[in-house]
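Subject: Structure handover

Hello,

Please find the structure below. My notes on it follow.

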Amino acid sequence: MSIEYQKITLPTPYPVGPIHIYYFVINGVRILFDSGPPTSTAINMLKAEIDLKKLDYLFITHFHPDHYGGAHIIEQLSPAQIIFSKYDLAIYEYYDLRVKFLFAFLSQLGVTTELIAALEKTFSGYKN
């Protein structure tokens, strides 16, 4: 069995700072674990490290934007099959409803409309 792997560190615009994603080639099958954030910097760094046109699988470990945010871009650049948990799919499918509830709750708590608007702008870029 032939196994090669590479750790790729990508910057994020989030407070968590940079993240690590992993690229494996197992018996010729190319697998990327996580996509990184949906930023041009992260995608360009990823394209410099691996040939996305030859990617077989993109495995999303969990639905935090720094780990799955670039998946929609990789989907456009790659033939890779994207794999993630059915539980994360539910989180993704109900994202808009959850965010709407959050903003309504913040409004009821007396959070200013300016702050809520700023949060809405930030959260709108997370789903992609």
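How many helices and strands are there in the protein chain? There are six helices and five strands, where helices (H or I, at least four residues) and strands (E, at least two) are DSSP runs numbered from the N terminus. Their order from the N terminus on is β-β-β-α-β-α-α-β-α-α-α.

A note on the source: this is a predicted model, in which local features need pLDDT of at least 70 and side-chain atom pairs count only at pLDDT 80 or more, while totals for chains, interfaces and linings use all residues. Residues are numbered from 1 along each chain as its sequence is written, and side-chain values use heavy atoms, with hydrogens and water left out.

Overall figures

Along the principal axes, the C-alpha atoms of the protein chain fill a box of roughly 60 × 30 × 20 Å. The accessible surface of the chain comes to about 8000 Å² (Shrake-Rupley method, 1.4 Å probe; for residues, only the protein chains shown count as cover). Carbon and sulfur atoms hold 59% of that surface. Of the 128 residues in the protein chain, 33% are buried; buried means under 20% relative accessible area, exposed over 50%, and partly exposed in between (1.4 Å probe, protein chains only). Among contacts (heavy atoms within 4.5 Å) in the protein chain with a separation of 6 or more, 60% join residues 24 or more positions apart.

Cores

In soluble globular proteins, nonpolar side chains tend to be buried together. The term nonpolar core is used here for a set of buried Ala, Val, Leu, Ile, Met, Phe, Trp, Tyr and Cys residues joined through side-chain atoms within 4.5 Å. The largest such core has 21 residues, and Leu 32, Leu 46 and Ile 74 have the most contacts inside it. Two or more residues of this core come from each of the elements β1 (3-10), β2 (19-26), α1 (40-49) and α3 (71-77). The most come from β2, which gives four residues.

Which residues does Leu 32 touch, leaving aside its neighbours within four places in sequence? Leu 32 is in contact with Ile 21, Tyr 22, Tyr 23, Leu 46, Ile 50, Leu 55, Tyr 57, Leu 58, Phe 59 and Ile 74. Another core, of five residues, lies apart from the largest one and includes Tyr 95, Val 99, Phe 103 and Ile 116.

Aromatic rings

A pair of aromatic rings is described by the distance of the centres and the angle of the planes. Rings of Phe, Tyr and Trp (its six-membered ring) pair if their centres lie within 6.5 Å; planes under 30 degrees apart count as stacked, over 60 as edge-to-face and the rest as tilted. The structure holds six aromatic pairs. Phe 24 and Phe 33 form an edge-to-face pair, at 5.7 Å centre to centre and 80° between the planes. Both are partly exposed, Phe 24 with a relative accessible area of 23% and Phe 33 with 26%.

Phe 101 and Phe 105 form a stacked pair, at 6.4 Å centre to centre with 5° between the planes. These two residues are separated by about one helical turn, because they are four residues apart in helix α5. Phe 101 counts as exposed at 61% relative accessibility, whereas Phe 105 counts as partly exposed at 40%. Tyr 5, Phe 24, Phe 33 and Phe 59 form one aromatic cluster.

Surface and backbone

Phe 101, Phe 105 and Leu 109 form a nonpolar patch on the surface, with about 360 Å² of accessible area together. Patches are made of residues with over 30% relative accessible area and no salt bridge, with like charges joined within 9 Å and nonpolar side chains (Val, Leu, Ile, Met, Phe, Trp, Tyr) within 5 Å. A salt bridge is a side-chain nitrogen of Lys or Arg within 4 Å of a carboxyl oxygen of Asp or Glu. Helix α5, where Phe 105 lies, covers residues 95-108.

Lys 121 lies in helix α6 (residues 113-127) and is exposed, with a relative accessible area of 68%. Lys 121 and Tyr 23 are 98 residues apart in sequence and 32 Å apart in space, C-alpha to C-alpha.

Where is Asn 27 placed? Asn 27 sits in the loop between β2 and β3 (29-33). Its phi is positive, about 50°, although Asn 27 is not a glycine, and the residue is partly exposed at 48% relative accessible area. Asp 34, in the loop between β3 and α1, is also a residue other than glycine with a positive phi, near 80°. Asp 34 is buried, with a relative accessible area of 4%.

Regards
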